[in-house]
Amino acid sequence: MTINAEPWWKTATVYQIWPASYKDSNGDGFGDLQGIISELDYVKSLGVDVIWLSPMYDSPQDDMGYDISNYNAIYPKYGTMKDMDQLIDQVRSRGMKLVLDLVVNHTSSEHEWFKESRSSKDNPKRNWYIWKPPKYDEQGNRQPPNNWKSCFSGSAWEWDEHTQEYYLRLFAATQPDLNWECEETREAIYEYAMKFWYEKGVDGFRIDVAALYSKVQTFEDAPIVDHTQKWQPFGSLCSNGPRIHEFHKEMYKKVTSHYDVMTVGEVGHCSREEALKYVSASANEMNSIFLFDLVEVGVKGLGRYDFAGWNLDDMRKAVKNMSGFAEGTDAWATAFSENHDQPRSVSRFGTDKNPKGHNKSAKLLAQMLSSLSGTLYIYQGQEIGMTNLPRSWPISEYKDIETLNYYEDFKQRIGDDKEKLEKLMDVVQIMARDHARSPVQWDNSKHGGFTTGEPWMRVNDNYPEINVASQVNDPSSVFSFWQKCLKVRKSHSETLIFGDLKIVDNGHEKLFIFTKENGNKKALVALNFSEETVPYVAEEGYNLVLTNFDENSDSHLAPYEARTYIK
């Protein structure tokens, strides 16, 4: 595969910023745009090319900004449109690009579009959202139109007393789904949510829940897959629906194709065949998508809290599926192990139990991730090895609507069974979204230097040990190692970014070894995912270009040792 004249986003490394928890500039306890601007030199020094900014739009914040009340205004706690314009200029002046979140499966119920839609059944915007009359059971009790389950627990339908109908909301009660079947709705989305920002100079979008816009229009009941529950996962009745590719092609043709930008869709779950429909270059839909194979390793059932643990074979399969699904096609992949919806990777796949193990395993994960094909994504705090929140924290410290709703729903089902609740909290400590949302740890001062006020969410207790200030000038730190990883990735892009991945060590309980090949160029990556020393002899003819250890043995890999060789 040639890399001449490839689009800029293929070799880019993207750094995700979640504004509420990045940096507070005014002491109100919330991160803000000026806080982000103040740390742009730090972001640039890491070696990234693009910043992806999670929703900063005006919002009631029921789902931390993914409930947008105005696509063309800024959430006041984050700043003003003037601050946003300054951020765009400051990012560009440092030679980086800026990508925003595109959240157009739903709006907030506070959006003016929805206020009009629910004002009366004959309002011109009534059809901009999905409204249905109730059903009635044999006892005459009002019931939702079908048995679909919300992604945040409970029914996916919300009753509106004023117009005596239900509206569909696949997420929170205050996140009504837009009706993509309505052409007028789509045109408004393209105009206000997309063109407005492209004209301001934004360089693309991460497209939220990009597979959910097209619903099966019969709105029939979902198959019963959990007999203990009244509400059932909607599955293919909403995900990868009948018109989804038509909608994405239209979005590309009418908007995206007119700008030199990147788009990456949050698709999550689908077959390779289905994934390629979204991102084949000839399909003209999106540049790339996020698949959840790696971040959901160990999730065995119907959601993140149905977690059963994982082994290295699970990891191998997930990495191969994520990194290699586009091999031999005109599509493009992504590489990521953290984002705002996922726990911290060092706690999931490495260890956070002791400083030495933490540092080595965080570096091992950095080395693995930076060796995978496609566009690379790093989430704020990942570059310093931020960890999950402590197991000792009670549920009252958690803020996320998904976790809190699930906890309450679970408690109602099991009653006062303290043992089961404790087991749930064990899983919450591994998998909750809150782990990624605790404030960035900048230094060892109060609240980790995130704010001079009271933080909206408690800072992780380990901020005195894990923080930016202690790492930026330390050549042995996780941060400095990430810098090395990104330099090696770019200097050997033909293999590490564009090479095909082949797993070498199928079945080994502790070692994950793979090659990356592109023509006559070849890389070999050897990773010890255990706390034990494991025998290993490198293949001859390779040069060692990156390792997380100062000294390497010819006969073994030390605990959490990682090596990258080039041939």
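## Basis of the description

Two strands are taken to pair if DSSP finds at least two bridges between them. Helices (H or I, at least four residues) and strands (E, at least two) are DSSP runs, numbered from the N terminus.

The model is predicted: local features need pLDDT of at least 70, side-chain atom pairs count only at pLDDT 80 or more, and totals for chains, interfaces and linings use all residues. Residues are numbered from 1 along each chain as its sequence is written, and side-chain values use heavy atoms, with hydrogens and water left out.

## The chain as a whole

The chain contains 15 helices and 22 strands. Its radius of gyration is 24 Å, close to the 24 Å that the globule rule gives for 567 residues, so the chain is as compact as a globular protein of that length. The radius is taken over C-alpha atoms, and the rule is 2.2 Å times the number of residues to the power 0.38. The C-alpha trace spans about 75 × 55 × 50 Å along its principal axes.

Of the 567 residues, 61% count as buried. Buried means under 20% relative accessible area, exposed over 50%, and partly exposed in between (1.4 Å probe, protein chains only). Lys-490, found in helix H14, is partly exposed, with a relative accessible area of 38%. Lys-490 and Asn-127 lie 363 residues apart in sequence and 49 Å apart in space, C-alpha to C-alpha.

## The parallel sheet

Eight strands form an open sheet with parallel pairing, in the order E13-E12-E11-E5-E2-E1-E15-E14. Its edge strands are E13 and E14 (334–335), each of which pairs on one side only. Within this sheet, E1 (residues 13–17) and E15 (residues 375–379) are joined in the parallel sense over four bridges, and Val-14 has Tyr-377 in E15 as its bridge partner.

Strand E12 (residues 262–268) has seven of its seven residues buried, so it is largely enclosed by the rest of the structure. In a regular strand the side chains alternate between the two faces of the sheet. Both faces of E12 are covered: Met-262, Val-264, Glu-266 and Gly-268 are buried on one side, and Thr-263, Gly-265 and Val-267 on the other.

E12 runs parallel to E11 (residues 204–207), with four bridges between them; Ile-207 stands opposite Gly-265. Four bridges also join E12 to E13 (residues 288–291), again in parallel, and here Val-264 is partnered with Ser-288. Two right-handed β-α-β units involve E12. One is made of E11, helix H6 (residues 244–254) and E12; another is made of E12, helix H7 (residues 272–279) and E13. A crossover is right-handed if, with the strands pointing away from the viewer, the path from the first strand over the helix to the second runs clockwise.

## Antiparallel pairing around E17

Strand E17 (residues 511–518) is mostly covered, with seven of its eight residues buried. Four bridges join it to E16 (residues 500–503) in the antiparallel sense, and Ile-503 stands opposite Phe-514. E17 is also antiparallel to E18 (residues 521–528), over eight bridges. The hairpin of E17 and E18 has two residues between the strands, and in it Gly-519 takes a positive phi near 65 degrees.

Rolling a probe the size of a water molecule over the atoms shows where empty space is left. Here a cavity is a set of points, on a 1 Å grid over the protein atoms alone, where a 1.4 Å probe fits but cannot get out; lining residues have an atom within 4 Å of a point. Grid points are joined across faces, edges and corners, and a volume is the space filled by probe spheres set on the points. A search of the whole structure finds two cavities of 30 Å³ or more.

The largest cavity holds about 70 Å³ of space. It is lined by 13 residues, of which Glu-338, Ser-345, Val-346, Ala-362 and Gln-382 are the closest to its centre. Helices H9 (345–349), H10 (355–369) and H14 (478–491) each give two or more residues to this lining, and H10 supplies the largest share, three residues. The lining divides into seven nonpolar, five polar and one charged residues. Ala, Val, Leu, Ile, Met, Phe, Trp, Tyr, Cys and Pro count as nonpolar, Asp, Glu, Lys and Arg as charged, and the others, Gly among them, as polar.

The second largest cavity has a volume of about 40 Å³. Its lining consists of Gln-16, Trp-52, Phe-290, Phe-336, Glu-338, Asn-339, Tyr-377 and Ile-378, by class five nonpolar, two polar and one charged.

Technical notes
1 Å grid on protein atoms, 1.4 Å probe; cavity = no way out; pocket = protein on both sides within 12 Å on 5 of 7 lines; lining within 4 Å.
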